[in-house]
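Colleague: Before we go through this model together, could you set out how the helices and sheets are arranged, taking one point at a time?

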Amino acid sequence: MRFMERLKIVVLDFGSQYAHLIAKRFRMMGYYSEIALPSAGLETFKNAKGIVLSGGPSSIYDKNAPEFNSEILKLDIPILGLCYGHYVLQTGYNGKAQKALVGEFGFATLELNQNVKCPLFEEIASPQQVWMSHQDAVVKPGDGFETVGSTKDCEFAALQNLEKKRFSLQFHCEVKDTPCGNKILENFAKFCGMEKNWDQDTVLNHIIDSIKNQADDKNVLLFLSGGVDSTVAFALLNKALGQKRVLGLHIDNGFMRKNESKKVEEAYKNHGFSNFIVEDASKTFLKAVENL
């Protein structure tokens, strides 16, 4: 299967680090995920088995709230809203969100509604510790939504509309402070019919193919600091293109630790690389700053 045709879960980024953490969690569990803007066109969701609306720093009622393509809600694809995404999903179905009487920041106890069966909480007991970070709250659920779980200060902490395949949670299930979080995400992937299609070998093969496509028939020059990032990039380039097409250049600028450039050179040699140059330019660099 070509990379662009891979089945996926799309995470919409509403402006925080949470989107990247959500995508990372899915990938670590073996499900390929991509991050997209909430204003993305519907073509973005080709081959998407599920959509997650991430948290974010805005309030849903702000004039400068992130632009959201409401046509996404018309897709016949399961959608999970988290924190800010919780508000987007509920207001998108005629619900209401506003500033909460009591905000929640930190640990909270989620009590599940024993009269409602929710696919997200399959094999998850009640109560559960969850991580909250919100000053707004849903005060009126969207059309067709039922309450799955509540906390002491948040009546609508978990909502679902099974007919429309929609779920929304006030808490952050992507953080480690919600111990059942990975199980919730895995249950969502299962509900989406998503099969595991992402592992380290798949990642490596994708990177190698990308390098070959972008380099085409060109040779590559890479500056080497001796650190992890440039060394990994150098190793990948060598694996994809071969040592004859790749040249690494490490420059001693005079500000390295004592004998560090020598150790870098020895390390590359010990790992079988011969296609690199170590240049001592310390006098040039130090001369340039001697009167500063």
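Modeller: A definition comes first: axes are lines fitted to C-alpha atoms, for helices over the stretch in contact, and angles run from 0 to 180 degrees between N-to-C directions. Please also keep in mind that this is a predicted model.

Colleague: At what angle do helix α4 and α5 pack?

Modeller: Helix α4 covers residues 200-215, and its axis lies 9 Å from that of α5. Angles of 65 to 115 degrees count as roughly perpendicular, and α4 and α5 are therefore roughly perpendicular to each other. The packing angle is about 70°.

Colleague: How many nonpolar, polar and charged residues make up the contact of α4 with α5?

Modeller: On the α4 side the contact includes L204, I207, I208, I211, K212 and A215, and these meet L236, L237, K239, A240 and L241 in α5. Sorted by type, the residues of this contact are nine nonpolar, no polar and two charged.

Colleague: In what order do the strands of the three-stranded open sheet lie?

Modeller: The edge strands, each pairing on one side only, are β10 (220-223) and β12 (276-280). Strand β11, residues 246-252, pairs with β12 in the parallel sense over five bridges, while β10 and β11 are joined in the parallel sense by four bridges. From one strand to the next the twist averages 20°, and the order of this parallel sheet is β10-β11-β12.

Colleague: How many of the seven residues of β11 are buried?

Modeller: Helix α5, residues 228-241, lies across β10, β11 and β12 and runs at about 165° to β10. Helix α6, residues 260-270, also packs on the sheet, where it touches β11 and β12, and its direction makes about 170° with that of β12. Buried means under 20% relative accessible area, and β11 is mostly covered, the number of buried residues being five.

Colleague: Which hand does the β-α-β crossover from β11 through α6 to β12 have?

Modeller: The unit made by β10, α5 and β11 is a right-handed β-α-β unit. For the crossover in which the chain passes from β11 through α6 to β12, the hand is also given, and it is right-handed.

Colleague: Does R245 count as buried, partly exposed or exposed, and what is its relative accessibility?

Modeller: R245 is found in the loop between α5 and β11. Leaving aside neighbours within four places in sequence, R245 is in contact with A215, D216, D217, K218, N219 and V220, and the C-alpha atoms of R245 and V220, although 25 residues apart along the chain, are separated by 6.3 Å. Buried means under 20% and exposed over 50%, so R245 counts as partly exposed, at 22%.

Colleague: Which strands does helix α1 touch where it packs on the other sheet?

Modeller: Nine strands form that open sheet, with mixed pairing, in the order β2-β1-β3-β4-β9-β8-β7-β5-β6, and its edge strands are β2 (33-36) and β6 (128-140). Strand β5 (residues 96-112) runs antiparallel to β6 and is joined to it by eleven bridges, with F105 opposite S133 in β6. Helix α1, residues 18-28, has a direction that makes about 165° with that of β2, and the strands touched are β1, β2, β3, β4 and β6.

Notes:
Residues numbered from 1 in each chain as written. Predicted model: local features only at pLDDT ≥ 70, side-chain atom pairs only at ≥ 80, totals over all residues. Heavy atoms only, no water. Pairing = 2+ DSSP bridges. Helix = DSSP H or I, 4+ residues; strand = E, 2+ residues; numbered from the N terminus. Contact = heavy atoms within 4.5 Å. Buried < 20%, exposed > 50% of the residue type's maximum accessible area, 1.4 Å probe, protein only. Right-handed = clockwise from strand over helix to strand, strands pointing away. Parallel < 35°, antiparallel > 145°, perpendicular 65-115°, else oblique. Nonpolar A, V, L, I, M, F, W, Y, C, P; charged D, E, K, R; others polar.
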